[in-house]
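Read this explanation with the model open beside it. It goes through the strands first and then turns to the helices.

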Amino acid sequence: MTLFLGLGIAGVVLLVLSLVFDGVLEALFDGLVSLPVIAGFVSMLGFGGAIVLGTTDLGAGAATVVGVLVGIAAALLGWKLSRALMRDLTAATPHQDDLIGTAGSVVTAIPAGGYGEVLLRLAGQPVKFAAKSEVPVERGAEIWVEAALSATSVAVRPVQR
């Protein structure tokens, strides 16, 4: 029983190490073996064997067979889940240049040649930006973004209707 518990604990330690050395085995074995998969196998082999030994009258041989089967199931599940997560693609991250040509409204009045604040929609979310304009723009006025000056500031002009 001590051997199986030791294997289970060693698997948990391997899992913790996989957080630090993420991708080392994948790089060495061209993505076929990963440390979390090995950790899942070893820990389930140990804990599964310990459970069989502790709850039944079966011997160490049967506990080893059950532990190996449970370990293989855990390893396959870990491998499939990690592959699914690695293939998960997200939408493109919004960039400051995506703001050019968008409309918004002035939150803090913009003096001529100075800075104020505008509310724009970036990826569907309202975001406040520092805004510069060549002409004064009053609070509440509708504006048009002409250029992205930085990640947090834009050049705007008032909308003429």
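Eight bridges join strand 2 to strand 3 (residues 125-132), and these two strands run antiparallel. Helices (H or I, at least four residues) and strands (E, at least two) are DSSP runs, numbered from the N terminus, and two strands pair if DSSP finds at least two bridges between them. This is a predicted model, in which local features need pLDDT of at least 70, side-chain atom pairs count only at pLDDT 80 or more, and totals for chains, interfaces and linings use all residues. Residues are numbered from 1 along each chain as its sequence is written, and side-chain values use heavy atoms, with hydrogens and water left out.

Strands 2 and 3 form a hairpin with two residues between them. In its turn, A123 has a positive phi of about 55 degrees.

Strand 2 (residues 115-122) also runs antiparallel to strand 1 (residues 103-108), and three bridges join them. Here V106 has V118 of strand 2 as its bridge partner. This pair too is a hairpin, with six residues between the strands, and G113 in the turn has a positive phi of about 75 degrees.

Strands of a sheet pair through backbone hydrogen bonds, either parallel or antiparallel. Five strands close into a barrel in the order 1-2-3-5-4, with mixed pairing. From one strand to the next, the twist averages 55 degrees; such angles run from 0 to 180 degrees between N-to-C directions, and the axes are lines fitted to C-alpha atoms, for helices over the stretch in contact.

Now to the helices. Helix 3 (residues 35-55) has 21 residues and reaches 30 Å from its first C-alpha to its last, close to the 30 Å expected at 1.5 Å a residue. The expected span is 1.5 Å times one less than the number of residues.

Which residues of helix 3 are buried? They are L35, V37, A39, G40, V42, S43, L45, G46, G48, G49, A50 and V52. Buried means under 20% relative accessible area, exposed over 50%, and partly exposed in between (1.4 Å probe, protein chains only). I51 is also found in helix 3, but I51 counts as exposed because its relative accessible area is 53%. The C-alpha atoms of I51 and L77 are separated by 20 Å, and the two residues are 26 apart along the chain.

L17 lies in helix 1 (residues 2-20). Its relative accessibility is 36%, so L17 counts as partly exposed.
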